[in-house]
Amino acid sequence: MPDLLAVDGLHAWYGESHVLHGVDFVVRQGELATLLGRNGAGKTTTLRAIMGIAGRRRGSVRFAGAELIGLPSNRIARMGVGYCPEERGVFASLSVEENLLLPPPVRPGGLSLDEIYTIFPNLLDRRRSQGTKLSGGEQQMLAIARILRTGATLLLLDEPTEGLAPVIVQQIGAVLRSLKERGFTMLLVEQNFRFAATVADRHYIVEHGRVIDAIDNAALAANEAKLHDYLGV
Amino acid sequence: MNGRFAAVLPAALLAAALLVAGGAGAQSPDAVRIGVLADMSSLYADLGGPGSTVAVQMAVDDFGGSVLGKKIEVVSADHQNKPDVASSIARQWFDEKGVQMITDLTTSSVALAVQEVARADNKVILVNGAASSDLTGKACAPTSVHWTYDTVSLANGTGAAVVKAGGDSWFFITADYAFGHALERDTTAVVEANGGKVLGAVNVPLNTADFSSFLLQAQQSKAKIIGLANAGGDAINSIKQAAEFGIVAGGQKLAGLLVFVSDVHSLGLQTAQGLQLTEAFYWDQDDKTRAWSKRFFDKTHKEPTMVQAGNYSATMHYLEAVKAAGSLDSAAVIKELKSKPIDDFIIRNGHIHDDGSLVHDMYLYEVKKPTESTAEWDLYKLIATIPGDQAFKRPRGNECPAVKG
Amino acid sequence: MFSWLHIAMPPAPALFAQLLVGLINGSFYALLSLGLAIIFGLLNIINFAHGAQYMMGAFCAWFLLDWWGIGYWPALVIAPFAVGAVGIAIERLLLRRLAGLDHLYGLLLTFGLALVIEGLFRQRYGSSGLPYTIPAELIGGKNLGFMFLPVYRGWVVVFSLTVCLATWFVIERTRLGALLRAATENATLVQAFGIDVPRLVTLTYGAGVALAALAGVLAAPIYQVSPLMGANIIIVVFAVVVIGGMGSILGAIVSGFALGLIEGLTKVFYPEASNTIIFVIMALVLLVKPAGLFGRAA
Ligand SMILES: Nc1ncnc2c1ncn2[C@@H]1O[C@H](COP(=O)(O)OP(=O)(O)OP(=O)(O)O)[C@@H](O)[C@H]1O
Ligand SMILES: [Mg+2]
C-alpha cells in the first residue's frame, strides 16, 4: 500500500512557544494509525498542523503526493482531509442536521445522509435538536458523522472516546472498523491504548513534540512494558 | 464588551471634538485677530460655517489687510453648537490667542454663552448667526452688537405678514433651545398683538431628522398656520416632510420663521415655493449685492446667506471703527460704532441702539414658483421692505437694563 | 409662561397615527441595526462606518439620478451593490488587518473612516443636503381615517419589513445562513471543513454595508440627502443594537421596530426627551440584562 500521508520534519509554534520539533511518520492508504502519548505531548497540535490550523508551521506534510504546507485549511479540506477535533466542535446555533450538512462535499464517494443515519440512528431521531443539546456520546457521533459525507479519504480523529462510557466507546470502535472496511484511511489520536489496540494497524508514540517510536498493532502485546513506560500508565 | 464600548465611545468623540477645535493655525505675535466661531460641520454649517470665514476674510482683504499698523488675522473654529465648547474656545481666544473680536456666533445658546465670556473679558462680539432677541434683551451686554437679524425682526416680518393675510391661529414646531423658545415667544407676541391666537406648540430636540410625529400633532391642532420656530437642517426637514404629509394640501399653511437662501436652494423650488420669509439680505437685491455675491460665489460656489453677508458687513464696520478710534479698546470701538449710522450695501438704514441691537431695514420675500425662476439661485421675489423701526419693535418692551424704564 | 404642552391623553386615532409614524422610523432602525448585527456577529467588529455607508447609499441614489438620470427603482438595486463594493474594498484593504485583535481597534478604525468619509462629503456638498424626490409611483397619500399616510412611508414600512424577514430567513433557515452562524461560532473549524472563510467574511461585510446603503436609498426621498444624515442616526442605531443584543439578528429587527414605536410615543407625551429615550432604555436594559434582550451571555 502506498503512503497516503507522509509527515516529515514537521515543526509548529503557538506564538513564541515551539511545540512540534520535527514530527515524522507515514499513514498508508486504507490503514488506521494512532498517535499515542501523554498529555501535552503534541498529538492535537500534530493534527492541527496537518490541517493547517496550528499557528506557524514548517517541514513537510504530503497528502496523496501533494504538499500541504503553505496551503490554507480550506484548501487542505478540499483535497480530501476530514477533521474531527478534540473538543468536537458541534455548533450550538445549528441543528443536528445543519451540523451534519455543514461541511461541503469535497469529492465524490462520500456517504449519503441515509447511510449516515443508518450508522448513527440516534442522530436521525434528534436531527431537529440544537447541536449542543445532544449527549456527549451523541455529539461525538455527530462530529464523526459530519466528515463522512464529504468524500474525504483521510480522517483525522482527535480522541473520539474521551470521557465516554464504555458502551459508547465500543460503539465508536465498531464504527471505526466499519469505516476502515469502507476504505477510509484514518489517523487517530488516543490516550486509551487498550481501545486503540482494538481498531488500529499501527501506533506512533509522541513525546515532547516528536515521534519517538512506531509499534505495529500485532507487536503490541510484546511491547506492553515499553508502552507503559512511554505513556506512564 | 458592551461596558467597554460604552466607555470608549465618549472618549473617542471628545478626542474628535478637540481635534476640530484646535485648528487655529500659526500666528504672528503682533496682529489684530478676528475670530469666526461658527457651526462648521453640522446643521447650520451651510448658512454660516466655512462661508462665514470666507466673508470675514473678504472684509479683511477689502479693508487692506492691516489696521493701526498691524496685520489683521482671521482665526476660525467649530463650536459644534455646544455652549460649553464655544465658551472655552472664546476664553482661550481672548486670554491666550489675542483675539480682539469674535463674530458669526450662529446658534443662540452659543452666542448667549460667549456673550458672558465677552462681558467678563470686556471684549467685542458682533453676533450674526444667532437670533435670540435675549442677546439684546435681558442678557444684553455693553460690548456686544447683534448685527444682522433677531427673533423680533423675524416675528415682525413673517409673523405679522401671515396674520395680516388671515393666518390668525397658530401651532408652533419649536427647536428646543434658546433660539426656538425666543422665536416662539416673540412671534406669539406679534401674533397676539395682531389679533391672532396660538393653539399649541411642541418642543423638538435640535437636529431632529424626522418631523412627521410633530407635523401630525400640528395637523391635529387644526391651527391655520404651522409656525416653524427652527432653522437650518431642522427647517429643511420640517418643510420637506410637511409636503409629504399633505399639510398644505389639507388647508394648513407653513410659516418658516427663519429660512435662509441656502435652505431654499437645498429644498428646491418645487417644495419651497410660496413660502414667505424674512431676510436682512438677498444676493440679488441690486448691482452692489450682486457684485459682492459674485466674488463670494467664486470662492465658495454658493450664493451668500444673510449670515455670511452680515459677517462681512460687521467685520468691515469693526475695522473702520478701530481705525477711527485709533485704538483696539473695546469701549472706544463700540462707542465709535454706535456714533454713526450703519449703512452699506448689506445693512441698510441702520443704527445701533444702546441695548446693542442694530436696527435696520428687513425684507419680506416669497419663494418663487419653479416657472418664475430663471436661474439656479433665482429664488425670491420681494414682497415688502420693513423699515428698521417697525422690524425691530418689541411688542412687549425690552428688559435690557441699559434701556429699561 | 408660554407653555402649551399637551400632557393630556391624545384621542385614540391620533395615538394610532403616532404609532404608525413610530413604526416607520423603526423600519430604518431595524434595517440599519440588522446590518450592524450581521457584521458584528461574524467579524466581531463594531462597524462605526455604518452611518457613513447609509449616507453613501443615499448619495449614490442622488448621483445616479443627477449624473445619469437613473431613477429610484434601479437605484434601489444599484446603490447597495455599489456601496457594498466599497465596503468589500474596505474589508480587504483595512479591516482584514485587524483580525484577531480587540474590538477596540475595529471600532477606532471604522470611526476614523466615518469621520473621513463624512468630512469629504461635507466639504464637497455642504451640510443642508440635496433634494431627492419621491418616485412618481409612490407620490401622494391615503386617508386612513385616523391619519393621512403618505404612500411612500407605507412603502418604507412594507419594504423594510420584507427585507428584514428575508434576511432573517436566509440566516436562520438556509445553508448559507448555517455557514454564517457556524463561522460566527468557530471560524477556524468552518474553514477546516473546506469553506473559504476569509471570502465569507468579506462578502458578509459587503452585505451588511449593502443593507445600510439600501436604508440610505429608502431614506433619500424622506430626508435631505445630506452628509450628516448618517452621523445623526447611527448613535441611536448603536443603542438599538445594544438593546437587542450585540450580534443577534432577531434582536436587531425586533428592537429596531419596537424602539421606533417607543420613540414615537415619546414624541407625543414628552417630545423634549424624544432623542434621549432610547439611551435611557439602553441603560436600563444593560443594568438588567447586560447581554441585551436577545443576546446570549458570553
Ligand atoms: N493554543 C495554544 N497556545 C499555546 N500553547 C498551546 C496551545 N495549545 C497547546 N499548547 C501547548 O502545546 C503543547 C502540546 O499540546 P497538545 O494539545 O498538542 O497536546 P496533546 O498531546 O494533544 O495533549 P492532550 O492529550 O492533553 O490532548 C502543550 O504543552 C500545550 O500546553
Ligand atoms: Mg490533545
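Across the interface of chain C and chain B, two salt bridges are found, a salt bridge being a side-chain nitrogen of Lys or Arg within 4 Å of a carboxyl oxygen of Asp or Glu. One salt bridge joins the side chains of B:Asp210 and C:Arg153, with 2.8 Å from N to O.

The model is predicted, so local features need pLDDT of at least 70 and side-chain atom pairs count only at pLDDT 80 or more, while totals for chains, interfaces and linings use all residues. Residues are numbered from 1 along each chain as its sequence is written, chains are lettered from A and ligands numbered from 1 in the order in which they are written, and side-chain values use heavy atoms, with hydrogens and water left out.

## Chains B and C

Between chain C and chain B, 16 residue pairs are in polar contact, both residues being at pLDDT 80 or more; a polar contact is a pair of N or O atoms within 3.5 Å, where within protein one must be able to donate a hydrogen and the other to accept it, and residues adjacent in sequence count only if both atoms are side-chain atoms. On the side of chain C that touches chain B, the elements giving two or more residues are helix 1 (12-43), helix 4 (103-125), strand 2 (148-150), helix 5 (151-173), helix 9 (229-244) and helix 10 (249-269) of chain C. Helices (H or I, at least four residues) and strands (E, at least two) are DSSP runs numbered from the N terminus. Helix 4 of chain C gives the largest share of that side, seven residues. By class, the residues of the side of chain C that touches chain B are 34 nonpolar, 13 polar and five charged, where Ala, Val, Leu, Ile, Met, Phe, Trp, Tyr, Cys and Pro count as nonpolar, Asp, Glu, Lys and Arg as charged, and the others, Gly among them, as polar.

## The two interfaces compared

The size of an interface is often given as the accessible area lost when the parts come together. In the table, contact means heavy atoms within 4.5 Å, and buried area is the accessible area (1.4 Å probe) that two parts lose on being put together, summed over both.

| Chains | Residues in contact | Buried area | Share from carbon and sulfur atoms |
|---|---|---|---|
| C and B | 52 of chain C, 49 of chain B | about 4100 Å² | 60% |
| A and C | 22 of chain A, 17 of chain C | about 1700 Å² | 60% |

Of the two pairs of chains in contact, chains B and C share the most contacts, whereas chain A and chain B do not touch, their nearest C-alpha atoms being 21 Å apart.

## Chains A and C

One salt bridge is found across the interface of chain A and chain C, and in it the closest N and O atoms of A:Glu98 and C:Arg181 are 2.8 Å apart. Eight residue pairs are in polar contact between chain A and chain C, with both residues at pLDDT 80 or more. On the chain A side, helix 2 (73-78) and helix 3 (96-101) each supply at least two residues, and helix 2 of chain A gives the largest share, four residues. The side of chain A that touches chain C divides into 15 nonpolar, four polar and three charged residues.

## Ligand 1

Ligand 1 is surrounded by 13 residues, the closest being A:Gly40, A:Lys43, A:Thr44, A:Thr45 and A:Gln191, where a residue is near if one of its heavy atoms lies within 4 Å. Oxygen atoms of ligand 1 lie 2.9 Å from a backbone N or O atom of A:Gly42, 2.8 Å from a side-chain N or O atom of A:Glu86 and 2.7 Å from a polar side-chain atom of A:Gln191. Taken alone, ligand 1 exposes 630 Å², of which the protein buries 59%, with accessible areas coming from the Shrake-Rupley method with a 1.4 Å probe. Helix 1 (residues 43-51) of chain A gives the largest share of the shell, three residues, and the shell as a whole holds three nonpolar, six polar and four charged residues.
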